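Here are my notes on this model. Please read them with the structure open.

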Amino acid sequence: MSIVTVQLGQCGNQIGHEVFSALCSDSRGTHGLCSKKENQSYQDSCKERFFCEEESAVPAARAVLVDMEPKVISQALAMAASSGHWRYSSHSHFCQKQGSGNNWANGYCVHGPRHKEAIMELVQREAERCDRLGGFLTIMSMAGGTGSGLGAFVTQCLRDAFPTSFILNHVIWPYGTGEVIVQNYNSVLTLSHLYHSSDALLVHENDVIHKICAQLLNIKQISFRDVNQVIAHQLGSVFQPAHAAGGGSGYSRNPLGDLLESLVPHPEFRMLGLRNIPQMAESSLPYSAFSWPGLLRHLRQMLIANAQMEEGIDWQVRPPEPGSSIPCTNKALHFNTSIANLLILRGKDVHSVELGSFQDPSLYTSWLNPQDAFTAWKTPRAFNKYEKSAALVSNSQFLLKPLDSIVGKAWNMFASKAYLHQYTKFGIQEEDFLDCFTTLEQVISSYTNL
Amino acid sequence: MTQSVVVQVGQCGNQVGCRFWDLALREHAAVNKKGIYDEALSSFFRNVDTRSGDTGPDIYRGKICSLKARALLIDMEEGVVNEILQGPLRDVFDSKQLITDVSGSGNNWAVGHKIYGCQYRENIVEKLRKTAEHCDCLQCFFIIHSMGGGTGSGLGTFVLNLLEEEFPEVYRFVTSVYPSGEDDVITSPYNSVLAMKELNEHADCVLPIENESLFEIVNKIHQMINSGKLGSTVKQNSLVTSSAGSAKTLPEKPFDAMNNIVANLLLNLTSSARFEGSLNMDLNEISMNLVPFPRLHYLVSSLTPLYTLADVNVPSRRLDQMFSDAFSRDHQLIRADPKHSLYLACALLVRGNVQVSDLRRNIERLKPSLHFVSWNQEGWKTGLCSVPPVGHSHSLLALANNTCVKPTFIELKDRFMKLYKKKAHLHHYLQIDGMEQSCFSEAVFPVACQ
């Protein structure tokens, strides 16, 4: 089944391009460490999922590129074409001349309705090219105007036009110390609207990825390209073909569906965080060796202690003892309760891995059976030059603190009515803001009370 | 890609404007090696086929035939405009873009605004419409004028009014040169205050500039060059005050160095809209992020570096120095010290070979020493453009919405009151139809309330 990707705004388009690059280069790589037949099946599955074979030999990505100004899209198209191994099809982009000016209201109320038909037509066309449509992946940032505002509108349109398809929104959270001054307003508006129309939100925070680049990858001068490549690597490790749980010899035919089924049991809880291990500079790869027990132990502690990467984990945090009578002390130890976890393992000896530690009921909330709360996908084919790699997609309290902080700052600004005239100019009134705050406060309190 | 139109009014406005066009051509010549009319050029220039005379059709692609500036030159006396038309830039201006008269405004705002305004209204509107029609997507009008004289301040603000009426959706950025305390025009306080009232209500963003600051910067550079420190030869064309490499070959006139600074300011402001970068910052984003309340739209600007040494190796320390300098008192274009006042918002537009990590590091470093308003603690807007200005490998433009403009305005008001209390020179103004004493009292109040 195929996934159609919608890239929105500057961030979405820059990341989308890196994602397709990473998928393509991994698929063509010779480091699969598995049998030739297995490798062939992997490549075919990847191609069907993300690319469309056309008459010319170079496959075209199943993607729609949307932006309100032309510079980024033309860059993305040019870079893809010059790679020689894949490209964007020539008629699947939509751009205008003048951007959204970091104004959510402009993206949602003005550009959305104005360009709805053109954009939806492109999506329709891309969807028809798939033999079987597996769902939509949208890539956007929350801080700007197009990705956030127009993105929220397009997600709603997708939901209306394809009521039975899966929609996964990949959202980028901006740096805490400001990329855009009104980013907190834009974030609050985006998240509350997405919560109504999308199936799940998969989140990457710029601060976290920046730290990974600085500390794990040792990059001295980190550019946005580096950040985007790390994000692309993490997304690739989730979306490349994998054997679904429950056996069966083929690769999963319904990636988005399986993912959502294992991770989103209740519609109130839709925020997914992603952790990937190991992450290191390419030059150091040949000199390291990993063992599955080691990797999994780190990953489990990362989950419990809400660590963002494999350095600096707080090993003091422990899950509560079963039957303990005082659950509130856990909050003091910052223990991260999960609703559901999905572990995706790729590489050598993957079938011998012992996963009992993740099925420990004390990691999860009480209202789900631990067997249902934890799923594992094991694939013998290695990913992107890592002999063994593990990715954890988690529906847990990972994002609680950042979300709380964003809402707090936005409320602070709202209380002094700063910048509101810019939004009311385009049709978002104060009541709309208040509704959004209410929605998000509800989400925050649900996650806090796990 | 969007287009912008420059309206230069009065002697000061036209002299600065002339420098702006000169430096713009220089910048595009440095970037555009193949002589093809591209989107970046189209933001300020039209490509006209002049074989059939001045009224040839516009050419949208292909080689550059003849570039015409998207500008309107207005002056009520002919001297300055005539000089421009006889100079090396005569081919850049279309004869239909000029509006001149013979006798000037006599340093009287009322003459400029009321008399010439009414007289030339139709003419101005028609020429503006013509210029707008040549634009595919007009985003912004840049008005350059001075506040102390008669034409620039009176007729300039009249044009501002007109623009709001005729083109309400197009942004209006005004670069105003404020008179200094020892200005030789005695009625400059009257003219400035009357003009300020108009700016308050009709401009989207105002960039105030004071001649004294420009003068100090020019002096600093002279000292630097003439001090002859060992090993510190300065690259001539990198001076923010130089016209080296541009069309001008005549000996430099006294105000040229200062006007070059303002021209560079405008070029840097629009660079991210014209050239590509990893984090674009368009003009509408500047207005969106830096104007929290409609009337507080005065932005203090500073440009660094002022010069580049001829050293090839530029260590990272120089980069950090550039950021520190942007917040120092010496580099601001008005006489104010933003560090000791309250910041409402701040924008950093970086050009050249600077990455996200450098930006983040410097923001973290400088944040503790700056005071931000309580509801906007992380009020930073950042933009990264990959194309550096001529002669530099990187540069920074800082725009701040800061309360340090208050002393400047209070001083202006004091000078105004001194004259007004004695009713000095008032009869010149009251002679004009439609000017009444009440205009003066109305004008003072907004200034006082900032």
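1. Start with handedness. In chain A, α1(A) passes α2(A) in a left-handed crossing. Note that the model is predicted.

2. Now the geometry of that pair. Helix α1 of chain A covers residues 9-28, and helix α2 of chain A covers residues 36-50. Their axes come within 9 Å and cross at roughly 160°. Angles over 145 degrees count as roughly antiparallel, so α1(A) and α2(A) are roughly antiparallel to each other.

3. Which residues make the contact? From α1(A) come A:Phe20, A:Leu23, A:Asp26, A:Ser27 and A:Arg28. From α2(A) come A:Tyr42, A:Gln43, A:Cys46 and A:Phe50. By class, the contact of α1(A) with α2(A) has 5 nonpolar, 2 polar and 2 charged residues.

4. Next, the cores. The largest nonpolar core has 226 residues. Touching the most other members are A:Tyr185, A:Phe239, A:Tyr423, B:Trp21 and B:Leu269. Helix α8 of chain B, residues 256-274, supplies the largest share of this core, with 9 residues. Another core, of 52 residues, lies apart from it; B:Val5, B:Leu412, B:Leu419 and B:Tyr420 are among its members.

5. Look closely at B:Leu269. Beyond its neighbours within four places in sequence, B:Leu269 contacts B:Phe142, B:Phe173, B:Leu207, B:Leu283, B:Ile286, B:Leu349, B:Leu397 and B:Leu399.

6. Is A:Asp226 buried or exposed? A:Asp226 has a relative accessible area of 18%. Buried means under 20%, so A:Asp226 is buried. A:Asp226 sits in helix α8 of chain A, residues 224-239. Setting aside neighbours within four places in sequence, its contacts are A:Cys213, A:Ile219 and A:Gln221. A:Asp314 is 88 residues from A:Asp226 in sequence and 27 Å from it in space, C-alpha to C-alpha.

Terms used:
Residues numbered from 1 in each chain as written. Chains lettered and ligands numbered in written order. Predicted model: local features only at pLDDT ≥ 70, side-chain atom pairs only at ≥ 80, totals over all residues. Heavy atoms only, no water. Core = buried A, V, L, I, M, F, W, Y, C linked by side-chain atoms within 4.5 Å. Buried < 20%, exposed > 50% of the residue type's maximum accessible area, 1.4 Å probe, protein only. Helix = DSSP H or I, 4+ residues; strand = E, 2+ residues; numbered from the N terminus. Contact = heavy atoms within 4.5 Å. Axes fitted to C-alpha atoms, helices over the stretch in contact; angles between N-to-C directions. Parallel < 35°, antiparallel > 145°, perpendicular 65-115°, else oblique. Left-handed = near helix turned anticlockwise from the far one by under 90°. Nonpolar A, V, L, I, M, F, W, Y, C, P; charged D, E, K, R; others polar.
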